[in-house]
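This briefing is meant for a reader who is meeting the structure for the first time. Please look over the sequence and the model before reading on.

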Amino acid sequence: MKKVIAIYPGSFDPPTNGHLDLIERGANIFDELIVAILRNPEKHPLFSLAERRLMLESMTTPFRNVRVETFDGLTVDYALRVSATAILRGIRAISDYEYELQMALMNRKMHPELETVFMMPAEQYSYLSSRLVREVAQLGGSIQGLVPSMVEQRLREKLDPAIKLKNARSPRAGKAEIGKTEKRTGKRK
Ligand code: PNS
């Protein structure tokens, strides 16, 4: 039988538990899922492409049928290059729908053979976005439970380089800090 390959494109700046939830759902229905980080020279992301890739690779290790890649140019062209037949996108609320519909229809216009598949993340992530996570973290609010603990730690280091220095000098302190964060549970493939 033909393998169904899907791509899950996005900025992932940073990846959140909402993204992870969607990856898990996608991994359950597609034979192969490629998490594809957009290389966008016009945007100034908080995390570099390499950092985002490392975080996503670490988050997706438990899924044997998921891999992480980067791409530039049109999403549809990338999808065809990797023999994908579906584009996975998450819809959290009605407000996402208009933009996602526009993108899906434009992508269909360019490559009608590619299907966009929309999935809903778990309810507890329906308000969650990378933009809000960045903003809350930058302003000193708690993002515990909204991103994997490793991403939380990286955000702290990014926003307060002094923490990175402290952890580098005393790695145990860093681990204790990570241990304090809520661990995400759930079914893994
Ligand atoms: O996580 P995001 O930022 O919502 O992801 C948006 C993304 C990367 C899926 C979208 O910007 C995209 O597909 N960009 C690649 C360029 C492209 O194909 N543009 C035409 C879209 S119809």
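Which residue in β2 is the bridge partner of alanine 6? The partner is leucine 33, and the points below place this pair in its surroundings, beginning with the chain as a whole. The model shown here is a predicted one.

**The chain as a whole**

- The secondary structure of the protein chain comes to 8 helices and 5 strands, and from the N terminus on these elements follow one another in the order β-α-β-α-β-α-β-α-β-α-α-α-α.
- The protein chain has 189 residues, of which 42% count as buried.

**Strand β1 and its partners**

- Strand β1 is mostly covered, since 6 of its 6 residues are buried; Ile5, Ile7 and Pro9 point one way from the strand, whereas Ala6, Tyr8 and Gly10 point the other way.
- With strand β2, which spans residues 32–38, β1 pairs in the parallel sense over 6 bridges.

**Asparagine 17 in helix α1**

- Asparagine 17 is placed in helix α1, and it counts as buried because its relative accessibility is 3%, where the cut-off for buried is under 20%.
- A polar atom of the side chain of asparagine 17 lies 2.8 Å from the backbone oxygen of glycine 145.

**The largest pocket**

- The largest pocket holds about 1,200 Å³ of space and is lined by 44 residues, with Gly10, Ser11, Arg89, Tyr99 and Glu100 lying nearest its centre.
- Elements that each supply at least two residues of this lining include β1 (5–10) and α1 (17–29), and β4 (86–90) is also among them.
- Also supplying at least two lining residues each are α3 (75–81), α4 (94–110), β5 (115–119) and α5 (130–138), and the largest share, 8 residues, comes from α4.
- By residue type, the lining of the largest pocket divides into 19 nonpolar, 15 polar and 10 charged residues.

Notes
Residues numbered from 1 in each chain as written. Predicted model: local features only at pLDDT ≥ 70, side-chain atom pairs only at ≥ 80, totals over all residues. Heavy atoms only, no water. 1 Å grid on protein atoms, 1.4 Å probe; cavity = no way out; pocket = protein on both sides within 12 Å on 5 of 7 lines; lining within 4 Å. Points joined across faces, edges and corners; volume = space filled by probe spheres on them. Helix = DSSP H or I, 4+ residues; strand = E, 2+ residues; numbered from the N terminus. Nonpolar A, V, L, I, M, F, W, Y, C, P; charged D, E, K, R; others polar. Buried < 20%, exposed > 50% of the residue type's maximum accessible area, 1.4 Å probe, protein only. Polar contact = N/O pair within 3.5 Å; in protein donor to acceptor, adjacent residues only side chain to side chain. Pairing = 2+ DSSP bridges.
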